[in-house]
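Here's a quick briefing on one protein chain. Take a look at the sequence and the structure first, then we'll walk through it topic by topic.

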Amino acid sequence: MPNPNYITPEGARRLSEELGRLRSVDRPRIVQEVADAAAQGDRSENAEYIYGKRKLREIDRRMHYLTKRLESAVVVDPKEQKGDKVFFGAAVEVEDEDGKRHTYRIVGEDEIDSKAGRISWKSPVGRALLGKRPGDVVTVRRPAGDIEMEIVSVKYT
């Protein structure tokens, strides 16, 4: 497996819920809207029909994407991790050069939410933190210049 799709149980649940909602709620609703619009007559100038078909293609594309991502997912439960070394699923508290503290949770690509502090294990910060322990100092390369961060704590919850 050259490029694993690691994901937390919570992330897998969210993707499954989105897929279920698209399949059982959103798609049937749009199909009905398209059928109603088609019943109105000339489809070539019917904006509701054209928009509905476009929306239906977007939903089908998203459902296909989610299905493939879930099929290739390797679910890793952070609660099963032990020790103080940074691995997938860890909540890592760091202190930057300015003394500011940030907490990052290392998650899969489908779970990224920078506002909530969830970063990909493939991101520059995520890659720099993996395998490190509290007290280690890591250097993160970024376009604005390198930054050093010290790992304060590592938790698996």
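Let's start with Leu 129: setting aside neighbours within four places in sequence, Leu 129 is in contact with Val 86, Val 92, Val 94, Tyr 104, Ile 106, Val 138 and Ile 151. Contact here means heavy atoms within 4.5 Å. Keep in mind that this is a predicted model, where local features need pLDDT of at least 70 and side-chain atom pairs count only at pLDDT 80 or more, while totals for chains, interfaces and linings use all residues. Residues are numbered from 1 along each chain as its sequence is written, and side-chain values use heavy atoms, with hydrogens and water left out.

**Nonpolar cores**

- Leu 129 also shows up in the largest nonpolar core, which has 20 residues; Val 86, Val 92 and Leu 129 touch the most other members.
- A nonpolar core is a set of buried Ala, Val, Leu, Ile, Met, Phe, Trp, Tyr and Cys residues joined through side-chain atoms within 4.5 Å.
- Buried means under 20% relative accessible area, exposed means over 50%, and partly exposed is in between (1.4 Å probe, protein chains only).
- Which elements give two or more residues to this core? They are β3, β4 (101-107), α3, β6 (137-140) and β7 (147-155).
- The top contributor is β7, with four residues.
- There's also a second, separate core of 14 residues, and Leu 22, Ala 37, Ala 38 and Leu 56 are among them.
- Those element names come from DSSP runs, numbered from the N terminus: helices are H or I with at least four residues, and strands are E with at least two.

- From UniProt (unreviewed entry), residues 5-75 carry the annotation "domain: Transcription elongation factor GreA/GreB N-terminal".
- UniProt (unreviewed entry) also places "domain: Transcription elongation factor GreA/GreB C-terminal" at residues 82-156.
- UniProt positions are given in the numbering used here, feature names are shortened, and annotations may be inferred rather than shown by experiment.
- Residues 5-75 are 77% helix and 8% strand, and the end C-alpha atoms of that span lie 8 Å apart.
- Residues 82-156 are 8% helix and 39% strand, and here the end C-alpha atoms lie 8 Å apart.

**Where the domains meet**

- About 840 Å² is buried between domain 1 and domain 2, and carbon and sulfur atoms give 49% of that.
- Tyr 6, Thr 8 and Arg 14 supply 54% of the area that domain 1 buries against domain 2, more than any other three residues.
- Buried area is the accessible area (1.4 Å probe) that two parts lose on being put together, summed over both.

**The aromatic cluster**

- Rings of Phe, Tyr and Trp (its six-membered ring) pair if their centres lie within 6.5 Å; planes under 30 degrees apart count as stacked, over 60 as edge-to-face and the rest as tilted.
- By this rule there are two aromatic pairs.
- Tyr 6 and Phe 88 make a tilted pair, 5.8 Å centre to centre with 45° between the planes.
- That pair links distant parts of the chain, 82 residues apart: Tyr 6 is in strand β1 (residues 5-7), and Phe 88 is in the loop between β2 (73-75) and β3 (91-96).
- Tyr 6 is partly exposed at 28% relative accessible area, whereas Phe 88 counts as buried because its relative accessibility is 9%.
- Tyr 6 and Trp 121 form an edge-to-face pair, 5.2 Å centre to centre with 65° between the planes.
- Tyr 6 lies in strand β1 and Trp 121 in the loop between β5 (118-120) and α3 (124-129), so this pair ties together parts 115 residues apart in sequence.
- Trp 121 counts as buried, at 18% relative accessibility.
- Put together, ring pairs link Tyr 6, Phe 88 and Trp 121 into a cluster.

- Buried or exposed: what is Glu 18? Glu 18, in helix α1 (residues 9-38), is buried because its relative accessible area is 19%.
- Pro 143 sits in the loop between β6 and β7 and counts as exposed, at 89% relative accessibility.
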